[in-house]
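Please keep the sequence and the structure in view while reading.

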Amino acid sequence: MQSPCLKEATQGCLHGCCPSPFLGAPETEETVSKPRSTSSSCRHKFTVTTTSSFFPNTQFTNHESLPSLQESFTHFTKSYPEYLETTQVDQIRTQDYYHLSLSNHICLDYIGIGLFSHSQFQNQYSSTTPIASTSSPPPQYTDFPIFGISHKSVNLKSQLLHGGEGSELESSTKKKIMDFLNISENDYSMVLTANRSSAFRLVAESYPFQSSRKLLTVYDYESEAVDAMVSTSEKRGARVMSAEFTWPRLRIHSAKLGKMVVRKRKKKTNRGLFVFPLQSRVTGTSYSYQWMSMAQENGWHILLDTCALGPKDVGSFGLSLIRPDFLVCSFYKVFGENPTGFGCLFVKKSTIPLLESSTSTGIVCLIPPSKLFCLPEDSSGTDTELEQATGSRNQERELHKSNSFSGRMSVQSIKNVRHKKVEASQMHESEVKAEQGPKDSENSIQPVQEQATQSEIRSSEIECRAMDHMNSLGLMLISNRARFLINWLIIAMTKLQHPNADEMIPLIQIYGPRIKFSRGPALAFNVYDWRGEKVEPVLVQKLADRSNISLSYSFLHNISFPDKYEQERGRVSERIKTGEKVRVGSKRTKSDYVNVVTVALGFLTNFEDIYRLWAFVAQFLDADFVEKERWRYTALNQKTVEV
């Protein structure tokens, strides 16, 4: 196990008096001198404040009885006065992500780190395409390319050793990301991947499972990326193991995981690959660093999955004490904006020689926007040449399917722009020939070439405004804000209860940690009707979407039910039915699972967002709410909700 100081550093403090939850720069002398009890007292004070301040001795049995938004916010800030210190987030949201207010849409369906702001997309478009002066908001034109993505079929090991930096744009972007995450180029090499799943699969295809035969994962939910790694690893001879999580708080079953991690024999050989997230992106459960430390001491290579962490959590980690062999992160999207297009795989340089050679798919490179429209000298670009410049059609469809498409026009859009440029160039050239003769025709094209050169120079200096915003806010402000919001939401959800029931039936069941200082900004729950029967998560998601709220759903698995919860196990868990289609490699074929609704708060989430979610969920207190929704949309000549 790690030393006591490392254990203490895994927790943060509401007021900044305790060590950061992710080991970053060395602590100041004043912080180090604080007694250890300060950290626990801060956490205890936060828990007491949260549980006692909001709706004490109150249950809401009617959605119309909820307090108003303004009343709730006033009470919220009275109990959490530090929340008012995060108004800088609201200013950034108003200035650079104003589309959230214009669309009146709430995005609570993912955890991710983005590169660009909405205003940046709009500026990119408006600087290229003139827009008539109008009082209406600018068009939602986020498909205009800031960069393009192209797949590379290369050997991961060779790419890490000899792949070079790529284009100026790619090199600049990689440097910005590594600086943002506080990862040293002296210690780690980096490749860009199509998405998170591609990064996991690349590791599985290259890891030496012939000599280090085990793969041990720690996930309380079904993950497509982890399934891809498991399937690939099993084909290569790996013995796959999974941690278990105890019901109902879904904490790691420490005794079982300890037995799998600890070396039984003294023989010092590499045991295998330990895949570890510091936090569940579904339940918000946070895990201790000590598991990674224990695994390293017992001969495991470590893959740290940082995709569920907040915007500044990874950077604060700093790799100062625990240096994993692999890190995976994802730049997915910015709170309701288009996907940003890629994942990142970092490999420790001392680990690269251990990898095996394999021709893999999933590595991508960035293409400057000027290259997307670059034409051959004869201006007779073919479809094949265009597809080579921007990635094949199949690759593009795959990027769309995997939500890894970023700021890039479709191939057809590029064709249209290309043809317009060709036509304009031909018209301009013919006019010049008619007036000046053929000798001056070459000079007429020169300004276009110069413009392309200037565009290429600008494209290598790409601005990652979203990362700049996160840097300006800092870890403490972002984490405190999320902590206030997610814990209030949990309290508010648990205060909803069905009326006139023979026994007290809560509307909501929450899975994972409840009120907790160190929990993550994610929540897994289910809605139950007045008879105690679960409302299907997909139905909750669809009804939320019709209220302009984006939620998601997931599958909890690897759950260990103690004997006293055996009866509850039959009520909440499900098994795969005969004939039901399941993804290849899905662990749901091997164990019970629980289908749940999921909520994830981004760094731009505000109090109104979570209040509106609470008000939406409260509508299920009406026993006829679902049927009313069916009839309402049928009356509007729309399809009914299909479950």
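In this predicted model, R519 is buried yet takes part in no salt bridge. The nearest side chain of opposite charge belongs to D220 and is 9.1 Å away. A salt bridge requires a side-chain nitrogen of Lys or Arg within 4 Å of a carboxyl oxygen of Asp or Glu.

**The surroundings of R519**

- R519 is placed in the loop that runs between strand 13 (508-511) and strand 14 (522-528).
- Which backbone oxygen lies 3.1 Å from a polar atom of the side chain of R519? The oxygen in question is that of R514.
- A polar atom of the R519 side chain also has the backbone oxygen of A522 at 2.9 Å.
- When neighbours within four places in sequence are set aside, the residues in contact with R519 are T283, G284, S286, I486, N487, I490, P513 and R514.

**Salt bridges in the whole structure**

- How many salt bridges does a search of the whole structure find? The search finds 13.

**The pair R481 and D90**

- R481 and D90 form a salt bridge in which the closest N and O atoms are 2.9 Å apart.
- Because R481 belongs to helix 21 (residues 475-494) and D90 to helix 5 (residues 87-96), this pair ties together parts that are 391 residues apart in sequence.
- R481 is buried, with a relative accessible area of 2%, whereas D90 is partly exposed, with a relative accessible area of 24%.

**The pair D305 and R196**

- A salt bridge joins the side chains of D305 and R196, with an N to O distance of 2.8 Å.
- D305 is found in strand 9 (residues 300-305) and R196 in helix 10 (residues 196-206), so the pair ties together parts that are 109 residues apart in sequence.
- Are D305 and R196 buried or exposed? Both residues, D305 and R196, are buried.

**The pair D325 and K348**

- The side chains of D325 and K348 meet in a salt bridge at 3.9 Å, N to O.
- D325 sits in the loop between helix 14 (313-317) and strand 10 (326-331), while K348 is part of strand 11 (residues 342-348), so the pair ties together parts that are 23 residues apart in sequence.
- D325 and K348 are both buried.

Key. Residues are numbered from 1 along each chain as its sequence is written. This is a predicted model: local features need pLDDT of at least 70, side-chain atom pairs count only at pLDDT 80 or more; totals for chains, interfaces and linings use all residues. Side-chain values use heavy atoms; hydrogens and water are left out. Helices (H or I, at least four residues) and strands (E, at least two) are DSSP runs, numbered from the N terminus. Buried means under 20% relative accessible area, exposed over 50%, partly exposed in between (1.4 Å probe, protein chains only). Lys and Arg count as positive and Asp and Glu as negative; His and the chain ends are not counted. A polar contact is a pair of N or O atoms within 3.5 Å; within protein, one must be able to donate a hydrogen and the other to accept it, and residues adjacent in sequence count only if both atoms are side-chain atoms. Contact means heavy atoms within 4.5 Å.
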